[in-house]
Every structure is written in C-alpha cells, then in structure tokens.
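Hi everyone, thanks for coming. Please have a look at the structure on the screen, and then I'll walk you through a few of its features.

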Amino acid sequence: MKRHNGKLAWRLPAVIAATALAMACATVAHAPAATREAVGIKDFTYSPATLTVPVGATVTWINHDEEPHTITSAAGAFGSAGLSHEETFARTFTDRGTYQYFCALHPRMRATVIVK
Amino acid sequence: MDRIDRRGFLECMAWTGTGVLWAAAGGVLSSRLIAPASAAESAAGSFSFVQISDTHVGFKGEANKDAAATLQQVVDRINAMPSPPAFVLHTGDQTHGQKAGAFDTVAQILKGVKTEAIFYAPGEHDVFLDGGKEYLSRYGKGTVGGNGWQSFDYKGTHFVGLVNVLKYKGEGMGALGEAQLEWLEKDVAGQSSSTPIVVFTHVPLWSVYPQWGWVTEDAARALGYLRRFGSVTVLNGHIHQVLQKVEGNVVFHTAMSTAFPQPAPGSAPAPGPMKIPEEQARRMIGTCEVTYVPGKHPLAVVDSTLDRG
C-alpha cells in the first residue's frame, strides 16, 4: 500500500509536467521551455488582476498610462522602479506561490500573480 | 518687449495653474485679484508669497512635452512681478517619479527665482522610490529631526510645513503619522489664537476624493490642533487643479500644477495627466500668489495660469 502510494506521488507530477510542456509547445512554438505572460497597466488598473502562470514563467508588465506606476511585491519579493509611459518590467517566477503586488505611488492599485 | 504687467502676470498664472499669490490680512486667507492685493501690499506688515506645486520635472506627455520648460516660464513670471514675493513655497512633486537628474534640474531652475527663500514639502513622486532618502538629503536640513516637516514665523504669521506622503506605502492615502502629529500639537501650543496660521503640504488635508487617494488619513487630528485659531489657511497641491473649501476658520486651497492638469474628481476613470493638447493644458497650469495685509481682511489668494506667454 505504502509503496503503491509512493509510485503514484512520483507519477503525478510527471504527468502534469508533460501536460504543461505540451501546452507550452502549443502556444509558443519556438520556446517550449519558458512561458511568457503580460500584464497591462491602464487607467490605474493592472490587467488581468489575477494572473496564473506555471513555475519558470516570465511575467512582463507594461505601463500604458502617462502616470508612472510600480510593480511592488507586498511581501518584498520583488519591486520595480517607476515605469514611465510604455516602459516595461519583467520578472521570472521560479517558486510556487501567491504573489500580491501593488503600485507604490498609488497603493490602491493591487493585483496578484499565482505561480502553480 | 515683454508686456507682462501685474494683471497680465496674474492671468498668466491662473491660466497654467502653477502660481497662487496668497495675501494674508488679519489672519484670514482669501482669494482676491492681484490688483487690490498689490495696493494692500504697501500697508505696514503686509507681504506676499508665491506657491508653486507639482512641477513634475521629467514628465513628458501629450499635455506637456517639457515640464522643465513650463517651470522656467513660471520662474520668469515670478521674476516679472512688480514686487518680489517674500518667499516661495513648493508643495511637492518636484519630480515625475524621481526621474534621474530631475531633482538637479528643479534645483537649477529654482536658483533663478528672485526671492529670499524657498520652502519645500515633498510629494509622493519625490519619495516613493527610496522612502525619501534623496529628498531629505537635499531638503531635510533645518527641518524637525531632518524629517522634512518644519515651522517658521514671518511678520506675525506662523507657517507650518507638513509631510503627508511618507506613510503612503500600502495604505492607499496620505498620512502624517504619530510623530509628526505630536510635534504639530506642541508646535502650535505656544501660539496665540489670534496668530494667523498657514499650513503647506502636498496631499489635501480634506477629503477631496478618497477613491483616488486625494485625502490625508489622519488630517482630522491635525486640524483639531488648529481649530482654536482665528485664521488657518491650508495650501496643498497633488490634484493639479484649483479647489477651495472653507470650514469654520479654516480655508483650504489646492494649487494648480506647473506641468499638467488632472481631471476633476470622479470625472474620468482614473486620475493622472489629462491627455489634451498643450495649448489647452496651458490654461490649466500655473501658480498661486498670496498676499497678507494686517487688518480685518483675509489673505488674498490669486491663481494664475501660464497661457498668456
């Protein structure tokens, strides 16, 4: 019984990894190993407000407002400088978790990246 | 020939919104045109000062391609005033998001102002990146504990400069904080109730529009310490438009930006620079000139825009 469970636990992540790989291949044909996601900032709002990405994904934020905004982790895990109009900031997420962030200039602006 | 006379100067200031002339008379600040204010200036003990705000050097957008240039225009207008202001108050957001070199540019331009002194209060754009380190290294000297807040007396009026942007992080609105409030209570305790008080700070001390963060969380406590005074004038910036409000003996006045206008509260999906042509924007940026005349008159406040170059 114990041994059987152990086997299952070993197999399951492999299946997920294979599925993730297949999905990545389907969407980004030339770079199957890395996922890239974007968050836009417009009218003082991050969009999407919640972004779910796989481990290893790189998330890029782009500021479409003329007002500068930051991407500042609530837990201090990461932080950008003030992004000017059309400037970007990128971060690669190597650990699972829920990352809440806000704009240091406009703290009412809040959003989340979930890394699974 | 430069044809800017006093009236022209005022109109210009009102046009852009950067300059407000404040006149203090009998301890009450009020809004007035520059012409009567200038007549009053000759009275003994009277004086005037200029408020500039939200210079946002480093900003480059549809409404203004060069915020340093409009600041320079404002300085030229101040220097063209028939009598130089006693001093200038800068109520914050000198820089646009602490853009590299912006503090130096502002300092360089403001060196050219013909006045005795310039007093500063920080805006969130000046401190959000480094928690105020650079701002305080430049302007903390001579302030209480190097924290940026300060008070001084000028010809019988007590001026108080407050910092309400350093508690910004994660809290969603401006705040003064316990230490500063305790200092304020002590600072004004020794003043007679008949002393005119002028408070200058960045974020409004009244609830202009909390949804956009246009409010100072713990302002009520600060205003409580000022309630007994016969004349209190609160000058701020932050919202890039002229708004005035009177509450008992307290007059609240927010100045225009010298860089770009922001929408009226709630009139747009979000705050931020209005995307309008430069020509139009120049009617919405400028300065504020204030004149104080001892006697029974309130302080005269005149907002002037930049559109009449």
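**A pocket, an interface and some local details**

Let's start with the second largest pocket: the residues of its lining divide into 11 nonpolar, 11 polar and five charged. Keep in mind, please, that this is a predicted model. The lining has 27 residues in total, and the space in this pocket is about 290 Å³. Which residues lie nearest its centre? They are A:Phe44, A:His106, B:Trp212, B:Gly213 and B:Pro271, with names from chain A and from chain B in that list.

That brings us to how the two chains meet. On one side, 18 residues of chain A are in contact, and on the other, 26 residues of chain B. The size of an interface is often given as the accessible area lost when the parts come together. Here the area buried between chain A and chain B is about 1,700 Å², and carbon and sulfur atoms give 63% of it. In chain A, the residues that lose the most area to chain B are A:Glu66, A:Leu105 and A:Arg108, together 39% of what that side buries.

How many salt bridges are there between chain A and chain B? The count is zero. What the rule does find across this interface is five residue pairs in polar contact. As for the side of chain A that touches chain B, its residues divide into seven nonpolar, six polar and five charged.

Now, salt bridges elsewhere. Side chains of opposite charge can pair when their charged atoms come close. Over all chains the count comes to four salt bridges. One of them joins B:Arg138 and B:Asp104, with the closest N and O atoms 2.7 Å apart. This pair links distant parts of the chain: B:Arg138 sits in helix 6 of chain B and B:Asp104 in helix 4, 34 residues apart.

Last, two backbone details. Most residues other than glycine have a negative phi, and most peptide bonds are trans. The peptide bond from A:Ser47 to A:Pro48, though, is cis, with omega near 5 degrees. You'll find A:Pro48 in the loop between strand 2 and strand 3 of chain A. Then there is B:His56, whose phi is positive, near 45 degrees. B:His56 lies in the loop between strand 3 and helix 3 of chain B.

Note on methods. Residues are numbered from 1 along each chain as its sequence is written. Chains are lettered from A and ligands numbered from 1 in the order in which they are written. This is a predicted model: local features need pLDDT of at least 70, side-chain atom pairs count only at pLDDT 80 or more; totals for chains, interfaces and linings use all residues. Side-chain values use heavy atoms; hydrogens and water are left out. Contact means heavy atoms within 4.5 Å. Buried area is the accessible area (1.4 Å probe) that two parts lose on being put together, summed over both. A salt bridge is a side-chain nitrogen of Lys or Arg within 4 Å of a carboxyl oxygen of Asp or Glu. A polar contact is a pair of N or O atoms within 3.5 Å; within protein, one must be able to donate a hydrogen and the other to accept it, and residues adjacent in sequence count only if both atoms are side-chain atoms. Ala, Val, Leu, Ile, Met, Phe, Trp, Tyr, Cys and Pro count as nonpolar, Asp, Glu, Lys and Arg as charged, and the others, Gly among them, as polar. On a 1 Å grid over the protein atoms alone, a cavity is a set of points where a 1.4 Å probe fits but cannot get out, and a pocket is an open set with protein on both sides within 12 Å along at least five of seven lines; lining residues have an atom within 4 Å of a point. Grid points are joined across faces, edges and corners, and a volume is the space filled by probe spheres set on the points. Helices (H or I, at least four residues) and strands (E, at least two) are DSSP runs, numbered from the N terminus.
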